[in-house]
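Trainee: I am new to this structure and would like a close look at a single part. Please go through it step by step.

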Amino acid sequence: MLSKDQRQKRIQDIIARESVSTQAELVERLRAEGVQVTQATVSRDINELRLVRLPIGKGRHRYALAQVAGHQGVEEELGRLFQNFVKDVDRGENMLVIRTSDGHATGVALLLDRLRRDDIVGTIAGEDTIFVVARTTAEGEALMEELHTLMLG
């Protein structure tokens, strides 16, 4: 039985060398290596590792580690993801909800977290939705306008 760290290292190794587009495929690859794992466990691992799904053409995607260097790189990558995968940004007071294409919320939330902005208290990501808490209502409003601009390019 592998430890959580060992299992997550295996996942990183697999996605580094193979094109894996779904959780089910990742479960199969792990089982082929003798690692007994459930899809629920793999789903948690994907979230903890903050894996992103990158487009590989013809509507297909693959999992990858988010690799962004420096603050400017984070902003550029965030802009790219917003233009390609964010469908909507909505706000209620200081809380924002960002809707993405399926499987892209975690990657977008990771980059928002990496900005380490004082006006963002934190994010929570699901499969296609990100919940963002801004520090104040005014900062939430300004953040929403900024994110709309990112989305529109």
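Trainee: Are helix 2 and helix 3 roughly parallel or roughly perpendicular to each other, and why?

Mentor: Note at the start that this is a predicted model. Helix 2 covers residues 23-32 and helix 3 covers residues 39-49, and the two pack at an angle of about 105 degrees. Angles of 65 to 115 degrees count as roughly perpendicular, so helix 2 and helix 3 are roughly perpendicular to each other. Their axes are 9 Å apart. On the helix 2 side, the contact is made by Gln23, Ala24, Leu26, Val27 and Leu30. These residues meet Gln39, Val42, Ser43 and Ile46 of helix 3. Sorted by class, the contact has six nonpolar and three polar residues, and no charged ones.

As for the setting, the chain is divided into domain 1, residues 4-49, and domain 2, residues 69-152. Between the C-alpha centres of domain 1 and domain 2 there are 27 Å.

Elsewhere in the chain, four strands form an open sheet with antiparallel pairing, in the order 3-4-6-5. Strand 3 and strand 5 are the edge strands, each pairing on one side only. From one strand to the next, the twist averages 15 degrees. Strand 3 (residues 86-92) is joined to strand 4 (residues 95-100) by six bridges in the antiparallel sense. In their hairpin, two residues lie between the strands, and Glu93 has a positive phi near 60 degrees. Helix 5 (residues 105-114) lies across strands 3, 4, 5 and 6, at about 165 degrees to strand 5. Helix 6 (residues 137-152) also lies across strands 3, 4, 5 and 6, running at about 165 degrees to strand 3.

Definitions and conventions:
Residues are numbered from 1 along each chain as its sequence is written. This is a predicted model: local features need pLDDT of at least 70, side-chain atom pairs count only at pLDDT 80 or more; totals for chains, interfaces and linings use all residues. Side-chain values use heavy atoms; hydrogens and water are left out. Axes are lines fitted to C-alpha atoms, for helices over the stretch in contact, and angles run from 0 to 180 degrees between N-to-C directions. Angles under 35 degrees count as roughly parallel, over 145 as roughly antiparallel, 65 to 115 as roughly perpendicular and the rest as oblique. Contact means heavy atoms within 4.5 Å. Ala, Val, Leu, Ile, Met, Phe, Trp, Tyr, Cys and Pro count as nonpolar, Asp, Glu, Lys and Arg as charged, and the others, Gly among them, as polar. Two strands pair if DSSP finds at least two bridges between them. Domain bounds come from an automatic or database domain assignment.
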